[in-house]
Amino acid sequence: QVQLVESGGGLVQPGGSLRLSCAASGRIFSDNFMGWYRQAPGEQRELVATINSGGSTDYADSVKGRFAITRDNAKNTVYLQMNSLKPEDTAVYYCNVKILTPPVTRVYWGKGTQVTVSS
């Protein structure tokens, strides 16, 4: 089993910055993806950014150039640096880990952290 603990959400003004962290504990195998999704009220959960164990990243078009995902493999922690925040970034942000042990892929979710961008 894997546990994910998120931190770093909060209220920020438009144009501001926040840094989210997600620490994973438990059976973390070396071949995995760590990432962030978000869900705004009345909307579906959507991908924000992912990073694999080799450091390759993927971003939603809406956050490219503003958000940066990084990870510390020694700490099993993933970070999301969010800059130039916009009101439309307001959502609950969820940490996600996919552990690849072919043929099985295990997926874990954090409980979410609220990010509110408002003046």
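Trainee: How many disulfides does a search of the whole structure find?
Mentor: One. Keep in mind that this is a predicted model.

Trainee: Which cysteines form the disulfide?
Mentor: C22 and C95. Their sulfur atoms sit 2.0 Å apart.

Trainee: Where are those two in the chain?
Mentor: C22 is in strand β3, residues 18-26. C95 is in strand β9, residues 91-101. The pair links distant parts of the chain, 73 residues apart.

Trainee: Are C22 and C95 buried or exposed?
Mentor: Both are buried.

Trainee: Switching to rings. How many aromatic pairs does the structure hold?
Mentor: One. The rings belong to Y37 and W109, with their centres 5.0 Å apart.

Trainee: Is the pair of Y37 and W109 stacked or edge-to-face, and why?
Mentor: The planes of Y37 and W109 are at 70°, so the pair is edge-to-face. The cut-off for that class is over 60 degrees.

Trainee: Which parts does the pair tie together?
Mentor: Y37 lies in strand β4, residues 32-39, and W109 in strand β10, residues 104-109. The parts tied together are therefore 72 residues apart in sequence.

Trainee: What about accessible area, Y37 to start with?
Mentor: Y37 has a relative accessible area of 16%, so the residue counts as buried. W109 is partly exposed, at 38%.

Trainee: Which charged residue lies over the face of W109?
Mentor: R45, at 4.6 Å from the ring centre. There is also R19, which lies over the face of Y79 at 4.1 Å from the ring centre.

Trainee: Y79, then. Which residue stands opposite Y79?
Mentor: T70. Y79 itself is in β8.

Trainee: How many bridges join β7 to β8?
Mentor: Six, and the two strands run antiparallel. β7 covers residues 67-72, and β8 covers residues 77-82.

Trainee: What do β7 and β8 form, and what is in the turn?
Mentor: A hairpin, with four residues between the strands. N76 is in the turn, with a positive phi of about 50°.

Trainee: Which residues of β7 are on the covered face?
Mentor: F67, I69 and R71. The uncovered face has A68, T70 and D72.

Trainee: Why every other residue?
Mentor: Because side chains in a regular strand alternate between the two faces of the sheet.

Trainee: So where does T70 end up?
Mentor: On the uncovered face of β7, opposite Y79 in β8.

Conventions: Residues are numbered from 1 along each chain as its sequence is written. This is a predicted model: local features need pLDDT of at least 70, side-chain atom pairs count only at pLDDT 80 or more; totals for chains, interfaces and linings use all residues. Side-chain values use heavy atoms; hydrogens and water are left out. Rings of Phe, Tyr and Trp (its six-membered ring) pair if their centres lie within 6.5 Å; planes under 30 degrees apart count as stacked, over 60 as edge-to-face and the rest as tilted. Buried means under 20% relative accessible area, exposed over 50%, partly exposed in between (1.4 Å probe, protein chains only). A charge sits over a ring if NZ of Lys or CZ of Arg is within 6 Å of the ring centre and within 35 degrees of the ring normal. Two strands pair if DSSP finds at least two bridges between them. A disulfide is a pair of cysteine sulfur atoms within 2.5 Å.
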